[in-house]
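Have the viewer open as you read.

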Amino acid sequence: MSKPVVLIAEELSPATIDALGPDFEIRHVDGADRAALLPALAEAHAVLVRSATKMDAEAIAAAPVLKVIARAGVGLDNVDIKTATTAGVMVVNAPTSNIISAAELTVGHILSLARRIPAAHASLAAGAWKRSSFTGTELFEKTVGIIGLGRIGALIAARLQAFDMRVVAYDPYVTSARAQQLGVQLLSLDELIEQSDFITIHMPKTPETTGMIGAEAFARMKPTAYVVNVARGGLIDEEALYTALTTNEIAGAGLDVFTSEPPKPDGTAFPLLDLPNVVVTPHLGASTEEAQEKAGVSVAKSVRLALGGELVPDAVNVAGGVIDPYVRPGIPLVEKLGQIFAALAHSPLTSLDVEVHGELQAYDVSVLKLAALKGVFTNIVSETVSYVNAPLLAEQRGVEVRLLVDDDSPEYRNVITLRGALSDGSQLSVSGTLTGTKQIEKLVGINDYAVELPIEKHHLVMLYTDRPGIVAVYGQKFGEAGINIAGMQIARRAAGAQALSVLTVDSPVGDELLEEVRSAIHADLFQQIEITES
């Protein structure tokens, strides 16, 4: 019997090949050469890539026996995950391979800014000796603000504490107990911006976080403050940053990532490259020998598991492994319920119950707990979330997680509920099910309000006092703004009590309009939810 074919499309470490072992036929191709790549994919059961190989719809269509695409790194911009999922192709990456490298690069940027190392080097290399021109500042007893206290943020905190810095952080999903464990003081975003001498951001890039450090934030910063972004391009408003740097609103910036990479001459990032108070690097967060080797070895192990039919913890689109066909459709549903739960949580999560009710109780549904955690953390941490690191993320944040299973489901064949306790003492629950022959994913409950609405990309959730005319108010305002309401469900427990309204809209709603509608209907809860597809 012939061995499965593993196609290596880019240069990977020898340790990667060793980790694959002798059970596969290893072939090599230049993945950047489309004319060579497409025919090479015809017999490939797995393909290992880095960033140069585009595994798009055309490439996936050229690979009829492909089982797994493995990206030896974190980002997946060069992989069409939706097409791969439709084709039944697993996509895996190495979500934790670069966290130490990214943390160390962040510290490097902070030190480079504080001591003006790149400018001093350039001056001396050009033949000048200008010691007095490069007076810097010590880190000792300065305040560093970390926006996003995930795994990378925690590593940075530990390293900067060694400099005797005061470490503060903003992360709405981290409990005070977890922060205390890390020796970090939690602040509001405004407090952090106003108090910090150095600010580093480590958030995922979402519609809510894009441009979150902009003109208003720079106006609040100290004129001696420095900002660093080694996470995602676009988290800092580049145009506002340029203005802040050229008007001495802040002292300097360190950038490893940009909205457009490489920065284009007509883009907002390009003028930043010429400023003397900016340190830039070309997206080097994962560019260490150790990170590259970790990434290669990690995905090689995932390929072995995938082609062996076992559970693949680092799969980003399907869980893989021996999962009953009756359970598998529930995985994407539960991931989306997790995202909805996280969007509605107004304070950090302390415990989570994943409740599975109905016929599913007869099956092994442990993967649904992993799917719930993956969904909860998908849009609230900077690193890629997978089935292997989601439980670790929960553990790091002190979140207790239980899987509860029973056959009690009077209205649907199966209902899955995520029920959690928040740090302010409140409770939150969201429920979902699959209906019909097409297994349509539906939201069927929020905080015990009964609704039934297909889960789509954009939703709005509103809680307000039930009274006549409310639907007309928000319907008119959304209509005037060109926001189409594609679906709607309203639930209440009694006339005149609070009503929960869940809308499906065709496009995101701007913050200004959201606040206008919230104020107009006096909503106690008003939350926009955007579902990220795995």
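Which residue in β15 is the bridge partner of L349? It's L422. Keep in mind that this is a predicted model. That pair belongs to a set of nine bridges joining β13 (residues 349-358) to β15 (residues 414-422), and the two strands run antiparallel.

**The sheet**
- β13 and β15 sit in an open sheet of six strands, ordered β14-β13-β15-β16-β17-β18, with mixed pairing.
- The edges go to β14 (400-406) and β18 (449-454); each has a single partner strand, so one side of each has no neighbour in the sheet.
- From one strand to the next, the twist averages 20°.

**Helices on the sheet**
- Helix α13 (residues 330-344) packs on the sheet and touches β13, β15, β16 (427-435) and β17 (440-446). Its direction makes about 155° with that of β16.
- Helix α14 (residues 366-378) also packs on the sheet, touching β13, β14 and β15. The angle between its direction and that of β13 is about 135°.

**Helix against helix**
- α13 and α14 pack with their axes 7 Å apart, at an angle of about 40°.
- On the α13 side, the contact residues are G330, I331, V334, E335, G338, Q339, F341 and A342.
- α14 contributes V367, L368, A371, A372, K374, G375, V376 and T378.
- Sorted by class, this contact of α13 with α14 has nine nonpolar, five polar and two charged residues.

Note on methods
Residues are numbered from 1 along each chain as its sequence is written. This is a predicted model: local features need pLDDT of at least 70, side-chain atom pairs count only at pLDDT 80 or more; totals for chains, interfaces and linings use all residues. Side-chain values use heavy atoms; hydrogens and water are left out. Two strands pair if DSSP finds at least two bridges between them. Helices (H or I, at least four residues) and strands (E, at least two) are DSSP runs, numbered from the N terminus. Axes are lines fitted to C-alpha atoms, for helices over the stretch in contact, and angles run from 0 to 180 degrees between N-to-C directions. Contact means heavy atoms within 4.5 Å. Ala, Val, Leu, Ile, Met, Phe, Trp, Tyr, Cys and Pro count as nonpolar, Asp, Glu, Lys and Arg as charged, and the others, Gly among them, as polar.
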